[in-house]
Amino acid sequence: MEIPLALDGYSLRPYRDDDAVTLQRLADDREVSRFLRDRFPHPYRLEDAREWIARARADTASPPLTFAISGASRTMLGGIGLDRQGDVYRHSAELGYWLGRQHWGRGVATAAVEAICRYGFETLGLRRIYAHVFEPNTASARVLEKAGFELEGRHRQAVCKDDEILDELMYGLLAEDWRRSP
């Protein structure tokens, strides 16, 4: 399954085994990992890339929930996914994404977020998609806001990243608000 982005030739696509070298190169950048959870390791080794791709390809979710962000040349630029929640939260999913630094500032992240939200609401039937942002990560907050997400709250001193205590911002987007957006 491939999901087109609003940028010509760009898409969300399944991870491929041959993405491993590119994934390792893009992800092994401290500026990329500094605002991500610790499960996104730094340094990011080739074996980390191979393990992630194997996990993503073995995911039996149907329809799939994890994608590579792909450029016009079909080269991987980053990753994005939805973590569908269970129990009483079963109509919600947490959004996670990252993009290689050389692709920042070009509208790719916003287009990828918009595309996966469309997929989440139209294909998966979700009612709500949310994302957590470490408070200093103003670029990610801006991506979410441009994609229609609203700041819903602040979890004070909720995150410890690299021995620094940070606030966490909670952003959310409802299906009904997304459908009304232009």
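Two strands count as paired if DSSP finds at least two bridges between them. By that rule, strand β5 (residues 92–99) and strand β6 pair: 3 bridges join them, and they run parallel. This is a predicted model. Its open sheet has 8 strands, and the pairing is mixed. Helices α4 and α5 pack against each other at an angle of about 50°. Several loop and strand residues also deserve a look.

**The sheet as a whole**

- The strand order is β1-β2-β3-β4-β5-β6-β8-β7.
- β1 (3–4) and β7 (150–161) stand at the edges. Each has a single partner strand, so one side of each is left without a neighbour in the sheet.
- Strands of a sheet pair through backbone hydrogen bonds, either parallel or antiparallel.

- Strand β4 (residues 76–84) pairs with β5 in the antiparallel sense, over 7 bridges. Here Gly81 stands opposite Gly96 of β5.
- β5 and β6 run parallel, joined by 3 bridges. Ala93 has Ile129 in β6 as its bridge partner.
- β6 and β8 are antiparallel, with 7 bridges. In this pair Arg128 faces Leu174 of β8, standing opposite it.
- β7 and β8 are antiparallel too, with 8 bridges. His155 stands opposite Glu168 in β8.
- β7 and β8 form a hairpin with 2 residues between the strands. Asp162 in this hairpin takes a positive phi near 50°.

**Covered strands**

- Strand β6 (residues 128–134) is mostly covered, with 5 of its 7 residues buried.
- Strand β8 (residues 164–174) has 8 buried residues out of 11, so it is largely enclosed by the rest of the structure.
- In a regular strand the side chains alternate between the two faces of the sheet.

**Helices α4 and α5**

- Helix α4 covers residues 108–122, and helix α5 covers residues 138–146. Their axes are 9 Å apart, at an angle of about 50°.
- That angle makes α4 oblique to α5.
- The crossing of the two helices is right-handed.
- On the α4 side, the contact uses Ala109, Thr110, Val113 and Glu114. On the α5 side, it uses Val143, Leu144 and Lys146.
- By class, the contact has 4 nonpolar, 1 polar and 2 charged residues.
- Thr110 of α4 has 10% relative accessibility and therefore counts as buried. Leaving out residues up to four places away in sequence, Thr110 touches Val143, Lys146 and Ala147.

**Around α1 and α2**

- Asp29 sits in the loop between α1 (20–27) and α2 (30–33).
- Is Asp29 buried or exposed? Its relative accessibility is 14%, so Asp29 counts as buried.
- Beyond residues up to four places away in sequence, Asp29 touches His42 and Arg101.
- Glu31 belongs to helix α2. Its relative accessible area is 31%, so Glu31 is partly exposed.
- Glu31 touches Arg101 and Trp104, again not counting residues up to four places away in sequence.
- Glu31 and Gly100 are 69 residues apart in sequence. In space, their C-alpha atoms are 9.1 Å apart.

**Backbone points to check**

- The peptide bond from His42 to Pro43 is cis, with omega near 0°. Pro43 lies in the loop between α2 and α3 (46–58).
- Asp87 has a positive phi, near 55°, and is a residue other than glycine. Asp87 is in the loop between β4 and β5. With 63% relative accessibility, Asp87 counts as exposed.
- Gln157 is not a glycine, yet its phi is positive, at about 50°. Gln157 is placed in strand β7. With a relative accessible area of 62%, Gln157 is exposed.

Definitions and conventions:
Residues are numbered from 1 along each chain as its sequence is written. This is a predicted model: local features need pLDDT of at least 70, side-chain atom pairs count only at pLDDT 80 or more; totals for chains, interfaces and linings use all residues. Side-chain values use heavy atoms; hydrogens and water are left out. Axes are lines fitted to C-alpha atoms, for helices over the stretch in contact, and angles run from 0 to 180 degrees between N-to-C directions. Helices (H or I, at least four residues) and strands (E, at least two) are DSSP runs, numbered from the N terminus. Angles under 35 degrees count as roughly parallel, over 145 as roughly antiparallel, 65 to 115 as roughly perpendicular and the rest as oblique. A crossing is left-handed if the near helix is turned anticlockwise from the far one by less than a right angle, and right-handed if clockwise. Contact means heavy atoms within 4.5 Å. Ala, Val, Leu, Ile, Met, Phe, Trp, Tyr, Cys and Pro count as nonpolar, Asp, Glu, Lys and Arg as charged, and the others, Gly among them, as polar. Buried means under 20% relative accessible area, exposed over 50%, partly exposed in between (1.4 Å probe, protein chains only).
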